Amino acid sequence: MDKRSLYDGLNQLEAELQNSLNNLGEMKQSLQEIVEKNTTLELENQRLREHIRELNLVADAPAESAKQELSKSRMNLEKIYEEGFHVCYDLYGSRREHDEPCAFCLEVIYRESGK
């Protein structure tokens with residue numbers, strides 16, 4: 001191998017290594033951006049979960065106060081329902097299979113008293 005082709009081969013290798021180094025730098029920069037974005041999204045996700053927990057606590061509080069505001073007859077219906085029986089108009093007194101929820105019974109128990 002003569003000196004000229006050796007020199008050209010080294011220049012070509014140097015150019016390829018420089019290109020690879022540039023590609024590696026770009027990949028490193030992209031990875032850093034992805035990691036930063038991931039961290040930001042994780043923090044936002046955590047804040048949103050905390051916010052949802054707070055909203056659920058607020059939503060549960062009125063349900064409990066509404067339960068306390070039930071009339072005596074509705075509390076009796078609720079007790080019968082919790083024992084596993086229907087309190088809706090069509091199936092009143094029949095057993096709820098596997099204690100499955102019944103939207104009609106819940107409507108009878110918890111609807112607003114103006115309806």
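Residues are called buried when their relative accessible area is under 20%, exposed when it is over 50%, and partly exposed in between. These terms are used below for a predicted model.

The secondary structure of the protein chain consists of three helices and zero strands. In sequence order the pattern is α-α-α. Buried residues account for 11% of the 115 residues in the chain. The accessible surface of the protein chain comes to about 10,200 Å², and carbon and sulfur atoms supply 56% of this area. Among contacts in the chain with a separation of 6 or more, 28% are between residues 24 or more positions apart.

Helix H1 spans residues 3–68. The structure holds one salt bridge. It is formed by Asp8 and Arg4, whose closest N and O atoms are 3.9 Å apart. Side chains of opposite charge can pair when their charged atoms come close. Because Asp8 and Arg4 are four residues apart in H1, about one helical turn separates them. An α-helix has 3.6 residues a turn, so residues three or four places apart point the same way. The two partners fall into separate accessibility classes: Asp8 is partly exposed, with a relative accessibility of 36%, while Arg4 is exposed, with a relative accessible area of 56%.

A nonpolar patch also occurs on the surface, formed by Met1, Leu6, Leu10, Leu13 and Leu17. Together these residues have about 580 Å² of accessible area. One of them, Leu6, lies in helix H1. At 46% relative accessibility, Leu6 is partly exposed.

Helix H2 covers residues 72–82. Its buried residues are Arg74, Glu78 and Tyr81. These three lie on the same side of H2, because the arc they cover around the axis is only 60°. The face of H2 turned away from this buried side carries the exposed residues Lys72 and Lys79. Just after H2, Gly84 adopts a positive phi of about 105°.

The loop between H2 and H3 contains His86. This histidine is buried, at 5% relative accessibility. Leaving aside residues up to four places away in sequence, His86 touches Leu91, Tyr92, Gly93, Ser94, Arg95, Arg96, Glu100, Cys102 and Cys105.

Helix H3 runs over residues 103–110, and within it Cys105, Val108 and Ile109 are buried. These residues are on the same side of H3, because they cover an arc of only 95° around the axis. The exposed residues Ala103 and Phe104 are carried by the face of H3 turned away from its buried side. Helix H2 is included in what covers the buried residues of H3.

A search of the whole structure finds zero disulfides. Cys102 is in no disulfide, and the nearest cysteine sulfur, that of Cys105, is 3.5 Å away. A disulfide is a covalent bond between the sulfur atoms of two cysteines. The cut-off applied here is a sulfur pair within 2.5 Å. For Cys105, the closest cysteine sulfur is that of Cys102, and the distance of 3.5 Å is too far for a bond.

Terms used:
Residues numbered from 1 in each chain as written. Predicted model: local features only at pLDDT ≥ 70, side-chain atom pairs only at ≥ 80, totals over all residues. Heavy atoms only, no water. Buried < 20%, exposed > 50% of the residue type's maximum accessible area, 1.4 Å probe, protein only. Helix = DSSP H or I, 4+ residues; strand = E, 2+ residues; numbered from the N terminus. Arc of directions from axis to C-beta. Contact = heavy atoms within 4.5 Å. Salt bridge = Lys/Arg side-chain N within 4 Å of Asp/Glu carboxyl O. Patch = residues over 30% accessible without salt bridge, like charges linked within 9 Å, V, L, I, M, F, W, Y side chains within 5 Å. Areas by Shrake-Rupley, 256 points an atom, 1.4 Å probe, with all protein chains shown as cover.
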